[in-house]
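Subject: Structure handover

Hello,

Here is the structure I promised to pass on. Please open it next to this email and follow along.

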Number of protein chains: 2
Amino acid sequence: MSGVMVEHPLRPASPLPEEPTQASRFGKARSAQSGALLEDYVELISDLLTDAGEARPTDIARRLGVAHATAIKTIGRLKREGLAVAKPYRGVFLTEAGERLAARVRARHRVVVDLLLAVGVPFEAAESDAEGIEHHVSETTLAAFARFLAQG
Amino acid sequence: MSGVMVEHPLRPASPLPEEPTQASRFGKARSAQSGALLEDYVELISDLLTDAGEARPTDIARRLGVAHATAIKTIGRLKREGLAVAKPYRGVFLTEAGERLAARVRARHRVVVDLLLAVGVPFEAAESDAEGIEHHVSETTLAAFARFLAQG
DNA sequence: CCTGAAATGTAGCTTAGGCTACATTCTACA
DNA sequence: TGTAGAATGTAGCCTAAGCTACATTTCAGG
């Protein structure tokens, strides 16, 4: 074989494998991120409803660290997606679908935090990192976490 | 006591704690996501440079599962942020900062995958989920993972 | 050496998520 | 009972990341 031959940007065909696998992995990680925000909102609204009996845009905004206008806009999206209902000036409530999603998210959050703690992550970091990690934990991985925690 | 009294959306003060902690947690998870894309690009470019001696927009786009125009736009951002250099029609290369980032990302990816495998996550799910999870793993958590893997 | 096809680049559109500024609605209380 | 001030809602702007459509450049083969 001759030299390495690496300076022909425009030769027609790529010498590399197509790797649809890798592309779909990235794609999956990307689209998981899209649902993450909705999951956060739904979980928070559920918490507020439980703790305080109501969920108001201003509280939601403060908890999430965004401007109230941002929260209101996202609440509109929750409504469009059938996860929440809200009438002007009357607070936000969850639909059945919203409640179900909230329950799943909450359960998953607990498992992720517990797993992080189980492998030795300090509490603060576990809570903090779980917030981001949980949205990327598939059913398969979640099941494995649960098994591990049950001392599999 | 009388009724639950939960229908006054506009009373001035919230009865709930401020929870700046939770807000900052969400905020952190959110901004981590912003760097995630750049990390993916940098790692992929590094891989392509190593495996093939060059990294071309079309290959990058195919691997990431996006249109080539999207890849080119993001490469522009990498350049603006000082992570990559590229001259028109000449392929993409990493700066020192880009190489350093790529190395860190690659190492972190390995640790995350290994940890998932260690707790019993099947290989395919581990690889797939790690792609999303890794961007939310803090230094603290990463260190804990490494310790756990070294049989702490 | 020419030319067609592939790669690259550019332009313009869309959506999501964020913001500030302003307008409106409600309620606690003076 | 009126009203100040908080909460809510609306409008308009920005950036990132995606897309399609079109223009340009390069190179391999005839």
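First, a term you will need: a residue is buried if 20 or more other C-beta atoms lie within 10 Å of its own, exposed if 12 or fewer, and partly exposed in between, with C-beta atoms placed from the backbone. Helices (H or I, at least four residues) are DSSP runs, numbered from the N terminus; strands (E) need at least two.

This is a predicted model, in which local features need pLDDT of at least 70, side-chain atom pairs count only at pLDDT 80 or more, and totals for chains, interfaces and linings use all residues. Residues are numbered from 1 along each chain as its sequence is written, while chains are lettered from A and ligands numbered from 1 in the order in which they are written.

Start with helix H3 of chain B, residues 68–80. Ala71(B), Thr74(B), Ile75(B) and Leu78(B) are the buried residues of H3(B). They cover an arc of only 110° around the axis (taken from the directions from the helix axis to the C-beta atoms), so they sit on the same side of H3(B). The face turned away from that buried side carries exposed Ala69(B), Lys73(B), Gly76(B) and Arg80(B). Gly82(B) follows H3(B), with a positive phi near 75°.

**How the chains meet**

In chain A, 56 residues are in contact with 55 residues of chain B (contact: C-beta atoms, placed from the backbone, within 7 Å). H1(A) gives the most to the side of chain A that touches chain B: 13 residues. Of the interface residues of chain A, 98% are also interface residues in chain B, so the copies meet through the same surface.

**The core**

A nonpolar core is a set of buried Ala, Val, Leu, Ile, Met, Phe, Trp, Tyr and Cys residues joined through C-beta atoms within 7 Å. The largest has 26 residues. Val112(A), Leu116(A), Val112(B) and Leu116(B) have the most contacts inside it.

Best wishes

Note on methods: Contact = placed C-beta atoms within 7 Å. Expected span 1.5 Å × (residues − 1).
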